[in-house]
Amino acid sequence: MRRPQVVRDAGLPERVTIYEVGPRDGLQNESTVVPVETKAAFIRRLVDAGLPVVEATSFVHPTWVPQLADAAELLDLLGEEGRAMPVLVPNERGLDRALEKGVQHIAIFGSATETFAQRNLNRSLDEQFAMFEPTVRRAREAGMDVRAYVSMCFGDPWEGDVPVDQVVAVGKRLFDLGASQLSLGDTIGVGTPGHVHALLGAFNDAGLANEHLAMHFHDTYGQALSNTQAALRAGVTTFDASTGGLGGCPYAESATGNLATEDLVWMLDGLGIETGVDLEKLVSTSVWMAEQLGRPSPSRVVTALAGR
Ligand code: HMG
Ligand code: MG
């Protein structure tokens, strides 16, 4: 299989952690329910391809996201390995369900905007913190690790531009609940590199170091890799991506797929940045998953490599 020629860029980190969200962010938007056995096989293949972190599913309300209503069953199928994988949890009810399965890592997900908080969480911007506070407190008491997402960091489909200060205020508040990492989501993929640079600088100024920050890009406007490069240059070393570029958000209409993990790995391989991920195994997983879903992967790298 073709590989990029490796040319190091001394200004960039030597190692990056890829946080794979395909089974969760990727599948949550699929209208046809994927069989739970297929989800488990997908996750096992991702682990086998060397992905260090795979977000498995969500313990959200099953009528809000029917595709992930099988979260408990999926964790049963994954066994010990599944318990080490992060899952999305919005509230105490979700936490109880995760605790029952022995989950060790959860991710809460807040919104930087009022409208998306209402649409995604059925809470106002302020009310979301009241929902997350006891969830995180109890999770930490149970010895869990907590990641916090912030959505709509670069723009919102209903509110338009989102001020950097507003994103930092929400992100800081979520992080201070007791998270170990804050993932900054460009939910609808509208961000551009200067904006990434400015947002990261503002978070650093507010006391959040790069080691606590992750970037979560969607590729709606084709900006995800440029934005990744801007964040790499700023010193961020954790990036969310979805194998095959699957995904979107069911409560944000203009959100399309996440940055494809293969596109990210191709760029990082070319830059000589270590990820531990085997691109060939990843591409064959995407080809297999595309067969399960009945349509080709939108990833450029999968498209370029799959036929070779
Ligand atoms: P609600 O309807 O306000 O819930 O939904 P409630 O607290 O009023 O409870 C109502 C009933 O639901 C109760 O049952 C609860 O027990 C039950 P009843 O007493 O009436 O029989 N319930 C639950 N059942 C199972 N699991 C639960 C749960 N919670 C309550 N967890 C809620 C509020 C937050 C639950 C709902 O709005 C929800 O599930 N939202 C999730 C939406 C979602 O998953 N969106 C996609 C993920 S976010 C994303 O993709 C963005 C991200 O990728 C980053 C980026 O790109 O920006 C992370
Ligand atoms: Mg997302």
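This is a predicted model: local features need pLDDT of at least 70, side-chain atom pairs count only at pLDDT 80 or more; totals for chains, interfaces and linings use all residues.
**Entry 1: the pocket**

I started with where the ligand sits. Ligand 1 takes up the space of the largest pocket. I counted 27 residues around ligand 1, and the ones that come nearest are Q28, N91, N120, S151 and T187. Sorted by type, the shell splits into eleven nonpolar, eleven polar and five charged residues.

**Entry 2: who builds the shell**

Next I checked which elements supply the shell. At least two residues each come from α1 (22-26), α5 (92-100), α6 (114-121) and β6 (145-151). Helix α5 gives the most, with three residues.

**Entry 3: polar contacts**

I then went through some N and O pairs. The side chain of T187 has an N or O atom 2.5 Å from an oxygen atom of ligand 1. For R97, a polar side-chain atom lies 2.9 Å from a nitrogen atom of the ligand. H61 uses its backbone instead: an N or O atom there is 2.9 Å from a ligand oxygen. Taken alone, ligand 1 exposes 1,100 Å², and the protein buries 75% of that.

Is F132 buried or exposed? I found it buried, because its relative accessibility is 0%, and buried here means under 20%. F132 belongs to helix α7 (residues 125-141).

I did V170 the same way. V170 is part of helix α8 (residues 164-176), and at 6% relative accessible area it counts as buried. From V170 to N91 I get 17 Å, C-alpha to C-alpha, for a pair 79 residues apart in sequence.

**Entry 4: positive phi**

Last, I looked at backbone angles. Most residues other than glycine have a negative phi, so I noted the exceptions I came across.

Where does N122 lie? I placed N122 in the loop between α6 and α7. Its phi is positive, near 60 degrees, and the residue is not a glycine. N122 is partly exposed, because its relative accessibility is 48%.

M152 also has a positive phi, about 60 degrees, without being a glycine. I found M152 in the loop between β6 and α8. At 0% relative accessibility, M152 counts as buried, whereas N122 is partly exposed.

Note on methods:
Residues are numbered from 1 along each chain as its sequence is written. Chains are lettered from A and ligands numbered from 1 in the order in which they are written. Side-chain values use heavy atoms; hydrogens and water are left out. A residue is near a molecule or strand if one of its heavy atoms lies within 4 Å of it. A polar contact is a pair of N or O atoms within 3.5 Å; within protein, one must be able to donate a hydrogen and the other to accept it, and residues adjacent in sequence count only if both atoms are side-chain atoms. Accessible areas come from the Shrake-Rupley method with a 1.4 Å probe; for residues, only the protein chains shown count as cover. On a 1 Å grid over the protein atoms alone, a cavity is a set of points where a 1.4 Å probe fits but cannot get out, and a pocket is an open set with protein on both sides within 12 Å along at least five of seven lines; lining residues have an atom within 4 Å of a point. A molecule sits in a cavity or pocket if more than half of its atoms lie within 2 Å of its grid points. Helices (H or I, at least four residues) and strands (E, at least two) are DSSP runs, numbered from the N terminus. Ala, Val, Leu, Ile, Met, Phe, Trp, Tyr, Cys and Pro count as nonpolar, Asp, Glu, Lys and Arg as charged, and the others, Gly among them, as polar. Buried means under 20% relative accessible area, exposed over 50%, partly exposed in between (1.4 Å probe, protein chains only).
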